[in-house]
Amino acid sequence: MEWKRIIKIAMPYLVFMALGFSLMILFGYSSISGFLQQYYVENPSSKINMNATMTKVVTDLAFIGILLALFLSIIIIRISAKYISADKENRSKADFLASMSHEIRTPLNAIIGMSELALRETPVSTSQSESLISISQAGSNLLSIINDVLDMSKIESGNFTLALAQYSFSSLLDNVINVIRVRFYGKPIQFLVNIDSSIPNELTGDEVRIRQILFNLLTNAVKYTINGFVRFTVTGDILDDNMLVLRFEISDTGIGIKKEDMPKLFSGFTRLDAQRNRNVEGTGLGLTITKRLCAEMGGDISVSSEYGKGSSFSVVLPQRYSEGAQVAMVNNPNAKGVILYSECPLFVDSVADTLRNLGVPMVDADNPDHFLQELETGRHAFAFMPVGILNQAAALVRRLELKTTLVLTLAPEENMPFSNLPVLSMPVYATPVANLLNGFRQNRNEKQFKLGFTAPDAQVLIVDDINTNLKVAMGLLAPYRMQVDTCNSGDLSVEMVKNKRYDLVFMDHLMPGTDGIEATAQIRALGEGYFEQIPIIAMTANVLEGMREMFLAKGFSDYLAKPIEPAKLNALVSKWIPGNKRRLSHAPASGAAPQTVMEHLSSVEGLNVEKGVILCGGVEAHYRIVLAQYCRDAEKFLPKLRETLKAIAGIKEPGGRGASPLPWIQAFVIQVHALKSASASIGAEALSVDAMLLEKAGREGDLELIETHLEAFVHRFSELVARIGEILPETGGRTASGSERAKLWESPGGTGGSPRITYQ
């Protein structure tokens with residue numbers, strides 16, 4: 001088979017070579033023949049035998065041609081064999097990358113998705129918010145490494161393409177800075193940002209790749225800087241024909257680079273100064289990818305460094321721009337003067353550069369007394385200061401009835417002590433400063449999810465064999481208030497689509513048994529109309545080049561990569577949910593329950609409401625529905641657990657010891673396993689841990705441990721359910737309360753099993 005491929009590839013070259021040698025011999029024969037004839041005419045007495053000479057010439061040319069042909073044929077065949085071998089290696093590498101990408105992206109979907117849900121709308125403390133941001137950042141860093149590896153493979157195979165589209169430059173910069181700033185927490189490093197506010201905001205280019213370049217360079221700067229600062233500077237030069245050149249400079253006071261290491265700087269998987277940097281994380285791919293991406297976009301990257309003192313990387317990228325708004329602008333800047341005091345000269349210089357660029361007048365106070373003297377004059381519209389002198393400044397403003405707005409400047413990890421004051425969290429740069437001076441305020445820990453519509457009548461099916469992925473998808477869809485069903489197999493999804501008219505189906509790709517592609521093919525084959533037109537979205541962690549086209553060719557309507565990005569999910573929902581089922585959303589999409597109900601639930605012993613809301617997608621309305629379902633399922637579980645206690649008592653009676661516990665203990669393990677996960681999902685953490693211990697005891701046949709702990713467990717379980725039932729209106733105040741609880745405790749029968757959670 002391989003020889004057939006080799007011959008097939010080499011044959012055109014061999015034929016071309018044979019024609020070339022034939023023409024060479026023909027022209028050689030013709031030339032030599034003409035030369036000899038001319039010679040014979042001019043020298044008639046010559047004894048040269050022309051025919052014999054020409055025969056020898058032809059023989060020699062043919063012999064030389066055959067030798068050359070054999071030699072070149074061997075070379076061509078070997079080159080073809082090498083090509084086939086390289087092609088096989090590339091295909092093998094592509095298969096490996098596809099598998100690796102899928103396996104890593106699947107847990108990343110849970111990590112990034114859950115942190116997104118927790119940050120979206122659930123009120124959390126500052127420390128919890130910072131922890132969630134750190135979790136999300138760690139997941140994003142890992143995702144960035146995966147993307148670097150995949151991009152290198154695409155570039156090497158020639159399959160890399162730029163995704164050119166219009167984007168907001170200020171949004172890109174805000175995203176990069178807000179993600180990177182978390183890496184400075186707890187480090188003695190200043191993060192300084194200076195952005196030219198006059199750069200046009202609407203640009204056209206590959207936003208994702210620019211973000212990737214900046215992440216790589218800034219992440220490296222943080223990793224290799226022990227103390228001092230990292231400075232991020234952005235400028236732009238306007239050219240003709242709506243083109244500009246963006247210039248990014250990332251300089252630091254880090255360890256620097258040795259002269260002899262500079263030529264190796266952009267080589268893949270290379271760790272410079274390995275002994276000194278042995279504890280620094282990273283793959284060594286970042287700078288290689290960055291250089292290749294810059295080249296692909298028509299730009300360049302350069303570096304200067306002094307070993308032991310720091311480095312400076314400069315990136316130049318051409319972009320097309322649209323006339324209109326600029327990155328940042330202050331309305332009536334001369335009327336919004338600022339008095340600034342800070343103990344950090346680098347911070348003062350950074351803020352001064354930003355205000356100067358925005359055209360805002362500023363006075364830099366040398367010390368707190370100078371600051372208070374300037375504040376007392378009332379000449380300044382804004383006063384930027386640290387928390388340490390806030391009380392004195394506030395007292396002065398109240399006493400003199402000044403109209404100056406006090407603004408706190410906080411370190412990235414510093415807590416917000418006064419919710420009624422505007423805050424500038426370092427690093428300070430053009431966009432947040434302009435927003436603040438223009439009167440726009442936003443809490444730095446606030447992460448809002450803007451939703452233009454809800455679709456309470458829309459029917460949606462999510463198919464995935466991993467429960468965590470189902471929970472993440474449900475949580476991200478919860479703000480739309482759609483009627484969502486779930487299933488964990490391709491076969492079941494086909495049956496559900498047969499029996500119910502869905503407006504949208506999210507179908508996982510790789511599942512045991514019937515996978516997503518096969519299930520989609522079966523649905524499309526069911527008939528015309530609904531089955532052919534129902535939108536089916538492929539959900540997959542495989543993001544290699546060409547995957548979207550492959551899924552579209554297999555009958556899918558669209559494609560959604562894992563980890564799921566809320567913005568892309570929103571775009572898909574907006575695209576595929578029918579217009580007649582949408583309702584404009586003017587209110588927040590949180591579906592928040594009445595505060596009194598949630599406050600009462602928070603007082604229930606053993607119930608962590610905050611965590612339960614997070615696990616239910618950050619939507620309180622969804623959490624209440626899950627709680628109500630939990631209470632209804634208790635009516636099935638409590639009698640079964642009572643039967644377990646009776647079975648244990650029967651075994652302990654005389655003559656009962658020999659009875660096999662297997663008929664009931666297997667059912668018991670299933671019940672407490674279901675209670676373990678269900679209790680964890682509502683925030684009943686202690687009850688979930690107890691269920692886990694009972695499950696372990698059941699699997700090991702430890703009847704003594706079950707007997708010792710089960711009665712107390714059932715008591716706590718019934719008390720929790722009764723308390724929830726008394727508070728939650730969805731249960732009608734009746735679930736397992738009062739005398740009815742006693743009946744549940746005593747009544748035999750009922751059906752166990754894992755609760756199915758659905759919201760509408």
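Guide: Gladly, and please keep in mind that this is a predicted model. We can begin with the side chains of E700 and K696, which meet in a salt bridge with 2.9 Å from N to O. Both residues lie in helix α21 (residues 685–700), four residues apart, about one turn of the helix.

Visitor: What makes the contact of E700 and K696 a salt bridge?

Guide: The term asks for a side-chain nitrogen of Lys or Arg within 4 Å of a carboxyl oxygen of Asp or Glu, and the N to O value for E700 and K696 is 2.9 Å, so the pair qualifies.

Visitor: Why is E700 called exposed, and K696 partly exposed?

Guide: Exposed means over 50% relative accessible area; E700 has 54% and is therefore exposed, whereas K696, with 47%, falls between the limits of 20% and 50% and so counts as partly exposed.

Visitor: How do you know that D457 and R583 form a salt bridge?

Guide: Their closest N and O atoms are 3.4 Å apart, and because the cut-off is 4 Å, the pair counts. D457 lies in the loop between β13 (453–454) and β14 (459–463) and R583 in strand β19 (residues 583–584), so the bridge ties together parts that are 126 residues apart in sequence.

Definitions and conventions. Residues are numbered from 1 along each chain as its sequence is written. This is a predicted model: local features need pLDDT of at least 70, side-chain atom pairs count only at pLDDT 80 or more; totals for chains, interfaces and linings use all residues. Side-chain values use heavy atoms; hydrogens and water are left out. Helices (H or I, at least four residues) and strands (E, at least two) are DSSP runs, numbered from the N terminus. Buried means under 20% relative accessible area, exposed over 50%, partly exposed in between (1.4 Å probe, protein chains only).
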